Amino acid sequence: MARWLTRLMDTQDVWVKPFGNFLHGIVQAIFRAVPSIRDLLNGRWLGHPIHAVLTDAPIGILFLVIVFDVLGMADAAWWTLAIGILAMLGAALAGFADYAETDGKARDRGTLHSSLMLLALVLFLISLVLRPGLGSGAPVSAAAIALSLVAWLIVAASAYVGGDIVYALGNMVDRHAFRGGGTKWIAMEPGELEVDGSIPEGRPVKAKLGVNSLVLVRNGPVILALHDTCAHAGCSLSGGTLVAASGGGAASPVVECPCHGSRFRLGDGRVLRGPSVYDQPAYEVRQREGGGWEARRQAN
Ligand code: FES
């Protein structure tokens, strides 16, 4: 079943890709102009994607419209539909904030998901307009009932696509969700060193720590280190840039991811700007007695 549904979604790429290129460009331009609002809608302040939280409300509320229609409670159905539409708009705003910094297959699926939701929204709005006024006592037309039923089925189908974006494609999932917190010191191999054996200052340097990669930044005598894989979508932070520390009372340097601009404080991995809503694993680094370097993950 899942394979058949995946193929069905893939067949939509014929219109999803060109439309997505157009839509994504607009959405990204809007949200990049207001990064603090995008952060708010991404859920950085909560440490969890907001869209996932907000979607439950409209799906549940709009299902009640069907229940009230079946029970012949016209006014209750009208109010529920109106509130459900408002809840849908709130969820859509948060969803577009995530979509603004989504690439590849997840973006294609996001285009399909948002297109279906917009179609359902239009059908819900028409259904609302077709319904008799509050307190009129007139029966709801079959067309209005049918439209809200079809719209809810489209919402359910679109929710499946949304689930695919998260569970199958891992979008907005913490890239360090399964990483252990080990506290053992492990030998570390910086990717490049100065001729005197020191780690270069003032720019990110990649290093190997067992099976992991780190990004190092020398800050005077202190070596600051984070995991190199960005928590948002996995880009390499060692390809990023150092930016002036700002926000969150930051005192240590800040690295900006080269892909979508998430910013992490190097001292403790705290995320200072989205779209990542997750902190980055931070490491302690020290010189080994016999020469060379070693590192271990900071305790949370
Ligand atoms: S991969 Fe998206 S901000 Fe780093």
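**Helix packing and the largest pocket**

Mentor: In this predicted model, α6 gives the largest share of the lining of the largest pocket, eight residues.

Trainee: Which other helices supply at least two residues of that lining?

Mentor: Besides α6 (74-99), they are α4 (50-54), α5 (56-70), α7 and α8 (142-168). The lining has 36 residues, and H51, A52, T55, H113 and G162 lie nearest the centre of the pocket. The space in the pocket is about 820 Å³.

Trainee: How do the lining residues divide by class?

Mentor: There are 23 nonpolar, 11 polar and two charged residues in the lining.

Trainee: Let's turn to helix packing. Why are α2 and α7 called roughly perpendicular?

Mentor: Look at the crossing angle. The axes of α2 (residues 13-33) and α7 (residues 104-130) cross at roughly 90° and come within 9 Å. Angles of 65 to 115 degrees count as roughly perpendicular, and the pair is therefore described that way.

Trainee: Which residues make that contact?

Mentor: From α2 they are D13, W15, V16, K17, F19, G20, N21, L23 and H24, and from α7 they are K105, R107, D108, T111, L112, S114 and S115. By class, this contact has five nonpolar, six polar and five charged residues.

Trainee: Now for single residues. Why is D108 called buried?

Mentor: Buried means under 20% relative accessible area. D108 has a value of 10%, so the term applies. This residue is in helix α7, and, leaving aside neighbours within four places in sequence, D108 is in contact with D13, V16 and K17.

Trainee: What does S158 touch, not counting residues up to four places away in sequence?

Mentor: S158 touches H113, L116 and M117. One of these, H113, is also among the residues nearest the centre of the largest pocket.

Definitions and conventions
Residues are numbered from 1 along each chain as its sequence is written. This is a predicted model: local features need pLDDT of at least 70, side-chain atom pairs count only at pLDDT 80 or more; totals for chains, interfaces and linings use all residues. Side-chain values use heavy atoms; hydrogens and water are left out. Axes are lines fitted to C-alpha atoms, for helices over the stretch in contact, and angles run from 0 to 180 degrees between N-to-C directions. Helices (H or I, at least four residues) and strands (E, at least two) are DSSP runs, numbered from the N terminus. Angles under 35 degrees count as roughly parallel, over 145 as roughly antiparallel, 65 to 115 as roughly perpendicular and the rest as oblique. Contact means heavy atoms within 4.5 Å. Ala, Val, Leu, Ile, Met, Phe, Trp, Tyr, Cys and Pro count as nonpolar, Asp, Glu, Lys and Arg as charged, and the others, Gly among them, as polar. On a 1 Å grid over the protein atoms alone, a cavity is a set of points where a 1.4 Å probe fits but cannot get out, and a pocket is an open set with protein on both sides within 12 Å along at least five of seven lines; lining residues have an atom within 4 Å of a point. Grid points are joined across faces, edges and corners, and a volume is the space filled by probe spheres set on the points. Buried means under 20% relative accessible area, exposed over 50%, partly exposed in between (1.4 Å probe, protein chains only).
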